[in-house]
Amino acid sequence: VPEIILTATPALSQTPVTRDATTLAPLPEGRVLTLVVTRGTGAALVRLGLALPATGESQSAGEATVMRPGADRAYLLDAAPDAATALLAAGQRLVDQSDYWVALSLTGPRAAEALARHWKPDLDAAVFPAGHATRSTLGPIACILLRYGTEAFRLFLPRSFARAGFAELAETLHRLPGD
Amino acid sequence: MTGPFRLAGAAGAPIGFRFNGRAMTGRARDTLAAALLANGQRIVGRSFKYHRPRGILSAGPEEPNALVTLGTGAEAEPNTRATVVELHEGLEAFSQNHLGPLTHDLMAVNDLFSPILGAGFYYKTFMWPRAFWEKLYEPAIRRAAGLGALSGHADPGLYDRGYLHCDVLVIGAGPAGLAAALAAAESGARVLIADEDNRPGGRLLAEPQTVEGMAGADWARVAWDRLGEMPNVRRMPRTTVFGSFDHGVYGAVELAASGTPADMPRQVMWRVYARRAVLCAGATERPLVFPGNDRPGVMLAGAVDAYLERWKVAAGRRVAVMTNHAGGAGLAERLRAAGVEVAAVLAAETGEGIAATRGRKGLSAIRLESGRWLDCDALAVGGGWSPNLQLTGHAGARPVWHADIQAFVPGDSLPPGMTVAGAASGDFALPDCLSGGDAAGAAAAEALGFAPRPRVYTATGEGYMPAPVWRTGPKDGRAFVDLQHDVTVKDIALAHREGFVAVEHLKRYTTLGMATDQGKTSNVPGLAILSQLTGRSIPDTGTTRYRPPATPVTIGALAGRERGRDFKPYRYTPAHDWAVAMGASMVESGLWLRAEWFAEAGETGWRDSVDREARSVRETVGICDVSTLGKIDIQGRDATRFVDFVYCNGFAKLAVGRVRYGLMLREDGMVMDDGTCARLAEDHYLMTTTTANAASVYRHLEFVRQVLHPDWDVHLVPETDGWSQFSVAGPRARDLLARLVDAPFDISNEGFPFMACADLTICGGTRARLFRISFSGELAYEIAVPARYGNALAAALTTAGADLGVLAYGVEALDVMRMEKGHPSGNELNGQTAPRHLGMGRMASQAKDYIGRACAALSHVDGAEDVELVGVVPVDRGKALLNGAHILAPGAAATLENDEGWMSSVSFSPQLGHHIGLAFIRRGQARMGERLRAVDLLRESDVEIELVPTHFFDPEGGRLRA
């Protein structure tokens, strides 16, 4: 039997969709560590040069981002490869969910308007400003939404729903009323 | 000019449209009703019950008569109110509810029988013979009475949904709404203002009043533009707020503008989350009730005014006016000023009422109570106004009666956060509407911490106090109260005589107010007439309860995108592309798409493929995508206690590196789910669930964690989507996997025995998990890799096992093999079975506490308390078994009393060469060898069966431990 190496398949191969300078695009698959927030999580993150944000917010340091959409759950995005080992050594509970979550970016002046066709929580920049993260649903899909700019969102979907979520938002962009 | 009744000064470009195929011309800003009136179209439809000719009554959403079908073919939209349809080029409209031409409706014969077709006629008449109801009476009645017909085709229009948030929702963009929105918005609050009309202004468009020195319509446009300049305001014309729900949630439907392309949504259903709401929905004018009041040409006075002022259309050549307040004279003056002849101005409050009317296809004359006939082709009727307070009552609040305006107004008990202003609150004078709107908008903003600045508006306009006059003319005349449902004064009197004197009973007995217009113009006159009959006051009589939607909402808008293929999204497994490339036939399993079988060349049906797959797995090795099984990561110091508590069988002693089958019960002792749970580390488990119950089990576990044992250190992470998992089953399974696992992992039977689990790497370093578990009864494993490697893992298994005869198999073969092994599945774990029904009673621990223990001895299904799962084979092995068949004793009649149980799963077993089944049969375990019958009357099957143990194949389990 020849030597067999497993090659990754991207969750989404769709090309970006743009409408009125607003673009929906799949993001490259990065590292996602799901952290159970307990006493000591903040200190453990600080030792990695990161910080535990308040509930509903996120913190970035270099390439890495910690988003905390719920009180007891945080997600460490694109941290150094040895971050999991360091956190485990610090007694933290975590699960590597790099393959669970698939991220889409939705950026542009009509991004919030498109999302509002699906997303129940308030997306007004005064209520949900850049740097904030929250959980809700896109139809039946449980998602996490990170706003990383006034007109820039990252939406995290479970992998099995990624195609459906992308198609739904692409259709929404198409259906937005003309000005 | 665009039509013989169009007056000078009309704005908007000419537009061509058709009504019942007749070409007509309207104007760009017309409603269909305005354009029809301008063209002299008096009859626009036939009434619901008596098929009487009906014309346009109103100029707004309250319209009971002018219901039309728009468009043709699949796009046809029935029951649309012509008074709110925006005219556009090429619009085609059709009248409804007639047999033959609109002007010569053959069903008008119903009207001849009207003396015997009163309220309750159907209930009393069609009682016998009973069998005639479904086959004769009901179809005949449905043909004779009704509205428009559905096209019979799927609606090709697109619908959407969305969510909006605001500080202050202003419902209505009339003078009060505009003032409220300005007050709130200028203080900095986030304002959403919605109005069902395509133009803002409300009654300002219909009456020649002035605001701030400007014509009312101009002021409305300026105010609207001012709101549009503010970034904190969202203006939503063509948007009807139809419901008020808990927690400040409002439902609204936004219609697309005319001319919107077909690939854009025609309606959007919005859920609006509002911290405060100001209801400025205006008021609806009521007609007066008098004999012959339903002829085309009888219109609401305010509508005559609106057609005159807004659309420059005369309601007739010679118009009479009758009101029960002082406002009739002003309308008459405006009509005269526009060149329309006024036949009479009647003050009903002084006894100048109408006793009869004439005109077969439209009003031609009225007879005064004095007996004098007056020629006229239109009659403007004003009976006062009812505030549009429906949204205040959706949460159950009752309005209160204000005798000075003869109307119900909102009471003190409003939905939280809602205030009411303008005519909706009973303020009918324009200056009061403006000041009330401003105050309400400011108060709403102030309550949220903003600092509004009060405004003072100058405006003309006065409110008229209607007299308590509801009807004129002789009492025995045929006078309609509810025009849409053809309910007359006589019907109300009959209801009163028969004891239906409560207003809710009156409604149900006569159908008053139950039509699509929800009695907007008829409810108050109806209960006023009832109160006259009973001698009670109107407030004592009360009003019916308001329920959403306040105006009709299409089913399409409620469904949004969720219809057809888009009803629910598909979920794809990580190896979906591989399965498709392998030629899999896919099946929906919940939201998932799963491979049901992989057909090969020459196979002529699904049985060929499934039989081959099941047989080959037991001979060589097969792989099956089981990624859809739910996976839940469980960690924490108390993880073992937790797992032990949620399963009924023991887990406390499960060693690290071992897997165990678990049965999970609900609190009521019934089986909720089954699966395996692997102990990956001292405080770390991975639970698998069935595909169907993945979400419900996770929810259940979170309930246990957060509510029942918040003191335990346990953490749950759903992991289903993170892994691609394959079952590798068959005698050569170990040989196949041995080629993929990285050294030094020992996959020998000794090194990795039955029910072992391990973290490992495969294919030169890819992270993986291996479980030695079997659903098929074969030597079997489940191997999992991170989801991104799903396609690659499947390809690797087929490549590496080519010389071993590896094959891909689908869920059908999986199901066949589990039945051959007697494993229960979804058909057996149906929510009504406990462990003892499944032959697993001994699994339920006696030595620990667990969820469901307290009720484990109970049964919740009458007659099924003592059923037990057994195997079944046909005595004549050539016969097929049918799922769902009921079990009867030989010779027993097929009655409920003789029912011995049911067949839950059946399959043809390629291994045994005949059908096998699993069945729940009363005391089945003690009846092995007994012969019974499996009877399916629907499919005309009656098969003699023999009860056997559930393990049809390899009962000793030697193969899975090999």
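User: At what angle do the axes of helix 16 and helix 21 of chain B cross, and within what distance do they come?

Analyst: Two packed helices are described by the angle between their axes and the distance between the axes. This is a predicted model. In it, the axes of helix 16 (residues 606–619) and helix 21 (residues 811–820) of chain B cross at roughly 55° and come within 8 Å. Helix 16 of chain B is therefore oblique to helix 21 of chain B.

User: Which residues of helix 16 and helix 21 of chain B make the contact?

Analyst: Helix 16 of chain B contributes Trp606(B), Val610(B), Glu613(B), Ala614(B), Val617(B) and Arg618(B). From helix 21 of chain B come Glu812(B), Ala813(B), Val816(B), Met817(B) and Glu820(B). The crossing of helix 16 of chain B past helix 21 of chain B is right-handed.

User: How do helix 10 and helix 12 of chain B pack, and what is the handedness of the crossing?

Analyst: The axes of helix 10 (residues 489–497) and helix 12 (residues 523–534) of chain B are 10 Å apart, at an angle of about 45°. The two helices are therefore oblique to each other, and helix 10 of chain B passes helix 12 of chain B in a right-handed crossing. Val489(B), Ile492(B), Ala493(B) and His496(B) of helix 10 of chain B take part in the contact. Among their counterparts on helix 12 of chain B are Ile529(B), Leu530(B) and Leu533(B).

User: Are helix 5 and helix 6 of chain B roughly parallel or roughly antiparallel to each other?

Analyst: Angles under 35 degrees count as roughly parallel. The axes of helix 5 (residues 175–186) and helix 6 (residues 216–229) of chain B cross at roughly 30° and come within 10 Å, so helix 5 of chain B and helix 6 of chain B are roughly parallel to each other. Helix 5 of chain B passes helix 6 of chain B in a left-handed crossing. The contact includes Leu178(B), Ala181(B) and Leu182(B) of helix 5 of chain B, with Trp219(B), Ala223(B) and Trp224(B) among the residues of helix 6 of chain B.

User: Turning to rings, how many aromatic pairs does the structure hold?

Analyst: Over all chains there are 20 aromatic pairs. One of them joins Trp385(B) and Phe428(B), at 5.6 Å centre to centre with 55° between the planes, and is tilted. Trp385(B) lies in strand 24 of chain B and Phe428(B) in the loop between strand 27 and helix 9 of chain B, so the pair ties together parts 43 residues apart in sequence. Trp385(B) is buried at a relative accessible area of 19%, and Phe428(B) is buried at 17%.

A tilted pair is also formed by Trp578(B) and Phe598(B), whose ring centres are 5.8 Å apart with planes at 50°. Trp578(B) belongs to helix 15 and Phe598(B) to strand 31 of chain B, 20 residues apart. Both residues are buried. In chain A, ring pairs link Tyr75(A), Tyr100(A) and Trp101(A) into a cluster.

User: Which ring does the charged end of Arg163(A) sit over?

Analyst: The charged end of Arg163(A) sits over the ring of Tyr572(B), 4.6 Å from its centre. Lys568(B) places its charged end over the ring of Phe567(B), 5.4 Å from the ring centre.

User: Is Thr766(B) buried or exposed, and what is it in contact with?

Analyst: Thr766(B), in strand 40 of chain B, counts as buried at 10% relative accessibility. Leaving aside neighbours within four places in sequence, Thr766(B) is in contact with Leu6(A), Asp742(B), Leu760(B), Thr761(B), Val785(B) and Tyr789(B).

Notes: Residues are numbered from 1 along each chain as its sequence is written. Chains are lettered from A and ligands numbered from 1 in the order in which they are written. This is a predicted model: local features need pLDDT of at least 70, side-chain atom pairs count only at pLDDT 80 or more; totals for chains, interfaces and linings use all residues. Side-chain values use heavy atoms; hydrogens and water are left out. Rings of Phe, Tyr and Trp (its six-membered ring) pair if their centres lie within 6.5 Å; planes under 30 degrees apart count as stacked, over 60 as edge-to-face and the rest as tilted. Helices (H or I, at least four residues) and strands (E, at least two) are DSSP runs, numbered from the N terminus. Buried means under 20% relative accessible area, exposed over 50%, partly exposed in between (1.4 Å probe, protein chains only). A charge sits over a ring if NZ of Lys or CZ of Arg is within 6 Å of the ring centre and within 35 degrees of the ring normal. Axes are lines fitted to C-alpha atoms, for helices over the stretch in contact, and angles run from 0 to 180 degrees between N-to-C directions. Angles under 35 degrees count as roughly parallel, over 145 as roughly antiparallel, 65 to 115 as roughly perpendicular and the rest as oblique. A crossing is left-handed if the near helix is turned anticlockwise from the far one by less than a right angle, and right-handed if clockwise. Contact means heavy atoms within 4.5 Å.
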